[in-house]
Amino acid sequence: MKELAQVCLTKDIEKDETGQLMLFNTSVLEYNGTNRWNYINPVLKHSNAFQDALKLAQRTSSTP
């Protein structure tokens, strides 16, 4: 879940096996427009596990 939380915060995926798997299984969606960006599947956004991971990621990203 921490990888999904990072995608939510950065709107980008890592260019590795995990990132490709998240795209393949549609837990992360890719949007194309002027700039390509990624975001988690809206169904996952409302899960308790994701919300907990997102809160943790936000706390650790704001820590100096």
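These notebook entries record what I looked up in the structure.

**Entry 1. Basis**

I worked on a predicted model, in which local features need pLDDT of at least 70 and side-chain atom pairs count only at pLDDT 80 or more, while totals for chains, interfaces and linings use all residues. Residues are numbered from 1 along each chain as its sequence is written, and side-chain values use heavy atoms, with hydrogens and water left out. Helices (H or I, at least four residues) and strands (E, at least two) are DSSP runs numbered from the N terminus.

**Entry 2. The largest pocket**

I began with open space. Rolling a probe the size of a water molecule over the atoms shows where empty space is left. A pocket here is an open set of points on a 1 Å grid over the protein atoms alone, where a 1.4 Å probe fits, with protein on both sides within 12 Å along at least five of seven lines; lining residues have an atom within 4 Å of a point. I noted a volume of about 180 Å³ for the largest pocket, a volume being the space filled by probe spheres set on the points, which are joined across faces, edges and corners.

Which helices supply the lining of the largest pocket? I found that α1 (2-10) and α2 (17-24) each supply at least two residues, and that α1 gives the most, with five. The lining residues include K2, E3, Q6, D12, D16, G19 and M22. By class I recorded three nonpolar, four polar and five charged residues in this lining. For these classes, Ala, Val, Leu, Ile, Met, Phe, Trp, Tyr, Cys and Pro are nonpolar, Asp, Glu, Lys and Arg are charged, and the others, Gly among them, are polar.

**Entry 3. Between α1 and α2**

I next examined D16, which is one of the pocket-lining residues and lies in the loop between α1 and α2. D16 is partly exposed at 37% relative accessible area (buried is under 20%, exposed over 50%, partly exposed in between; 1.4 Å probe, protein chains only). I then checked its polar contacts (N or O atoms within 3.5 Å, within protein one able to donate a hydrogen and the other to accept it; residues adjacent in sequence count only if both atoms are side-chain atoms). At the start of α2, a side-chain oxygen of D16 comes within 3.3 Å of the backbone nitrogen of T18. The backbone nitrogen of G19 is 2.8 Å from a polar side-chain atom of D16.

In this loop I also located K11. Although not a glycine, K11 has a positive phi, near 60 degrees, and it is partly exposed at 39%.

A polar atom of the N41 side chain lies 3.0 Å from the backbone oxygen of T26, and one lies 3.0 Å from the backbone nitrogen of V43. Leaving aside residues up to four places away in sequence, N41 touches T26, S27, V28 and L29 (contact: heavy atoms within 4.5 Å).

**Entry 4. The strand pair**

A hairpin of five residues joins the two strands, and E30 stands opposite N38 in β2.

Notes
Pairing = 2+ DSSP bridges.
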